[in-house]
Amino acid sequence: MAGPIYAADGPGAIRAVPLDGLVALFHRPSGMTHIVAPPAPQILEALQEGPADARTLLARIAAVYEIGEGSAEAIEARLAELEEAGLVRRA
Amino acid sequence: MSRLLARILADPSACRGLEAAQWTALVTAARAESLLGSLAFRLEGEPGLPAKVVQILEAARWDSEQARTQALWEAEMARRALAGTGAPVILLKGTAIVAAGLDAGRGRSIGDLDILVPHERLDDVQRSLLEAGWEWVKEDSYDDLYYRRWMHELPPLIHRTRDRMIDVHHTILPPTARPRPDAAALIAASVALESGLRTLSPEDMVVHSAAHLFADGDLAGGLRNLWDIDRMLREFAARDPGFWPRLAERARLHQLRPTVARALRLARALYATPVDPALAGRPRLSDRFFEARLLARNGWGQPTRRALRFAFYLRSHWMRMPPLMLARHLWTKATR
Amino acid sequence: MRHALNVAIGPVSFRVGSAWRSPVAALAGLYRDYPAPADEVCDFTVRLEPEKPWRRWLRPSVAIHGDYMLPDAAPLSLAHGLLAAEMGMNLQMALGQKRFLLLHAATVERGGRAVILTGESGAGKSTLAALLGERGWRLMGDEFALLDCESGMLHPFPRAISLKNGSIEVMRKVAGEGRLGPVLEGTPKGTIRHLKPRPEAIARMTEPARPALILFPRFGADRAMRPVGAAEVFVRLTQASTNYVALASRGFDSLSGLVATCPAMAIDYPDADTAISLVEALFRELPQ
């Protein structure tokens with residue numbers, strides 16, 4: 001069953017700095033800073049290809065990274081958090 | 001010191017020759033009037049400023065950029081939360097000014113997010129905001145009843161993670177106040193922004209600003225409010241000569257012609273704003289009291305003219321409510 | 001305002017006004033040796049005023065006002081007027097400083113390189129920094145570290161250090177009575193006296209330094225140290241900054257730059273001498 005479709009802001013919107021396993025993000029449109037753990041940075045990267053639902057994102061990420069058990073659930077959970085933080089929105 | 005501040009805002013070259021102590025006082029007065037950002041943009045590039053002043057103003061410009069970003073973001077998050085309701089969401093006040101890219105927005109300090117929605121959509125709007133993470137600020141039920149019956153807005157809401165407040169209005173003055181602006185007309189004439197959010201039409205923006213300044217408060221922050229009006233009048237009149245007659249018409253429609261006229265006269269007095277003399281009308285004796293109240297701030301940032309301020313404080317309550325209701329309200333508050 | 005004084009601390013200057021003479025006189029005494037901003041424009045204004053007009057004389061009550069204010073701050077008694085002045089200046093920095101990124105930390109410097117000591121209030125950073133200042137380090141500040149967002153350098157803010165209770169005697173023995181301010185008893189935090197930084201620290205208060213080491217000191221445990229990961233350092237420093245959010249991308253860039261280039265260690269110690277030896281050892285081990 002297809003879930004909601006999400007979109008992220010374009011490439012210039014985020015400045016990312018890796019910090020020992022996590023990523024510090026500065027989100028220009030909001031002026032807010034977030035510290036995120038995988039798969040959140042991968043989700044944001046995958047959304048640069050265009051709006052997508054959780055299943056499509058899983059496929060995009062799997063094409064580049066090793067993914068393990070429970071990844072689909074993790075992606076849905078992270079998407080909800082990213083939406084609350086304003087880093088992604090419903091397309 | 002406020003008079004000097006107003007003069008320099010209107011004419012930046014008036015700051016030439018200021019001594020160090022005067023600069024300190026000017027910065028303090030500007031901060032007290034929430035005008036430091038505006039001053040910083042007006043003085044950008046002005047030659048001969050002391051090095052410390054350049055630093056202070058540069059930091060003020062950076063600060064107002066971030067304030068602008070945060071205000072527009074809050075508006076965007078409200079837009080996302082309310083998209084499902086289909087209700088028109090009209091930005092008001094500072095957020096509207098910066099969202100519309102107006103000159104008045106340069107360096108503008110911005111408080112909470114203020115929006116206007118149709119009265120009949122209030123329940124939907126309230127529900128969507130609560131679902132999207134906003135919460136009530138006050139739990140008190142008397143205040144709640146008071147708000148819903150007499151005020152022009154929902155009780156204040158604050159977002160639980162971002163900690164920013166939103167004021168949802170259904171008209172621009174309390175329904176108990178004497179002038180009765182036409183909320184439906186405000187909404188009908190509103191202008192769409194690229195994002196889908198809306199602002200009032202230029203004329204209605206000026207009317208609202210004047211109403212907010214004179215008909216809904218004790219003039220605290222009035223110097224900044226009047227600066228908005230100066231900037232908007234100049235910008236809107238330059239765009240379109242039809243602005244003045246339309247402004248007169250909208251002011252009349254919203255029963256705020258005397259208020260708008262007074263705003264024009266005071267803007268002209270303090271900021272040398274070019275105004276339509278027919279709409280501005282003849283100066284009134286009371287203009288001098290308003291002017292004095294607007295300028296009641298010294299170089300230490302202290303409010304001055306205590307008696308005058310108190311008179312305006314009383315006036316603000318009297319304007320919001322008929323006297324009997326006011327007495328009952330103050331009694332209930334006092335005996336709680 | 002009846003009484004007024006301009007005070008410069010590092011790159012920041014304050015205009016302090018007061019309805020009463022004594023707070024300004026006490027402040028002038030404490031900052032007597034500081035270069036005066038004489039003719040300069042001041043960054044911030046502090047006002048010490050009676051909360052109500054009659055409180056100027058009747059049980060004098062000093063409300064802390066100024067460019068930036070806390071709406072529900074409780075006023076102080078006139079006996080604690082010097083504290084009110086200090087709190088007023090701190091408040092202007094905490095709420096109004098937008099040029100430098102503020103870290104809630106003590107900083108000491110040697111050879112142009114700075115050590116940042118950061119952690120919770122009351123963990124003893126001020127006293128540790130003061131002691132280091134007496135052992136060959138230049139004290140740059142005990143409360144606020146000022147990070148220049150453009151250059152990445154730390155700027156000094158060597159205000160008079162607020163010592164509480166037991167620390168007062170410790171420092172009095174080391175620094176001498178002459179460098180201590182008046183005794184302020186009965187404050188919410190007990191007895192307070194201010195310590196003036198050493199003359200050299202004051203004289204060099206406009207000299208920045210390159211950050212070289214970040215330490216998270218913890219008093220009260222056995223001698224220990226562990227490296228702190230960059231993400232943890234970043235988060236703890238933002239939590240310890242009052243103006244990180246206001247500085248937006250400048251804050252993000254300068255803080256992430258600091259965290260990426262500066263090693264960070266958590267250190268535990270049972271007493272001051274152990275703390276000092278830990279700081280010395282870690283500083284010595286830094287690559288040149």
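1. Starting with chain B: β3(B) pairs with strand β4 (residues 157–159) of chain B in the antiparallel sense, over three bridges. Strands here are DSSP E runs of at least two residues and helices are H or I runs of at least four, numbered from the N terminus; two strands pair if DSSP finds at least two bridges between them. Across this pair, Trp136(B) sits opposite Leu157(B) in β4(B).

2. A word on what we're looking at. This is a predicted model, in which local features need pLDDT of at least 70 and side-chain atom pairs count only at pLDDT 80 or more, while totals for chains, interfaces and linings use all residues. Residues are numbered from 1 along each chain as its sequence is written, and chains are lettered from A and ligands numbered from 1 in the order in which they are written.

3. Back to that sheet in chain B. It is open, has seven strands with mixed pairing, and runs β3-β4-β5-β2-β1-β7-β6. The edges are β3 (134–136) and β6 (191–192) of chain B; each has a single partner strand, so one side of each is left without a neighbour in the sheet.

4. How confident is the predictor? The complex gets an ipTM of 0.94 and a pTM of 0.93. For chain C, the mean pLDDT (the predictor's confidence in each residue, from 0 to 100) is 94, with 99% of its residues at 70 or more. Within chain C, helix α3 (residues 125–133) has the lowest confidence, a mean of 92, and strand β10 (residues 154–155) the highest, at 98.

5. Chain C also has antiparallel pairing to look at. Strand β3 (residues 44–50) of chain C is joined to strand β4 (residues 61–66) of chain C by five bridges, with Glu49(C) opposite Ala63(C) in β4(C). β4(C) is in turn joined to strand β5 (residues 76–77) of chain C by two bridges, again antiparallel; there, Ser61(C) faces Ser77(C) in β5(C).

6. Domains of chain C: the assignment, automatic or from a database, gives domain 1 (3–96) and domain 2 (100–160 + 197–284). Their C-alpha centres lie 26 Å apart. Nine residues of domain 1 are in contact (C-beta atoms, placed from the backbone, within 7 Å) with 14 residues of domain 2. The domain 1 side of that contact has seven nonpolar, one polar and one charged residues. For the classes, Ala, Val, Leu, Ile, Met, Phe, Trp, Tyr, Cys and Pro are nonpolar, Asp, Glu, Lys and Arg charged, and the others, Gly among them, polar.

7. Chain C has two contacts with other chains to compare. Against chain B, 16 residues of chain C meet 17 residues of chain B. β2 (12–18), β3 and α7 of chain C each give two or more residues to that side, whose make-up is five nonpolar, two polar and nine charged. Against chain A, 11 residues of chain C meet 12 residues of chain A. Here α6 (230–239) and α7 (248–261) of chain C are the elements giving two or more, and the chain C side has seven nonpolar, four polar and no charged residues.

8. Last, the largest nonpolar core. Such a core is a set of buried Ala, Val, Leu, Ile, Met, Phe, Trp, Tyr and Cys residues joined through C-beta atoms within 7 Å, where buried means 20 or more other C-beta atoms within 10 Å of the residue's own, C-beta atoms being placed from the backbone. It holds 203 residues, and Ile115(B), Ala210(B), Val260(B) and Ala267(B) touch the most other members. Helix α4 (residues 51–82) of chain B supplies the largest share, 15 residues. Beyond four places in sequence, Val260(B) contacts Val206(B), Val207(B), Ala210(B), Leu247(B), Ala251(B) and Leu279(B).

Technical notes. A residue is buried if 20 or more other C-beta atoms lie within 10 Å of its own, exposed if 12 or fewer, and partly exposed in between; C-beta atoms are placed from the backbone.
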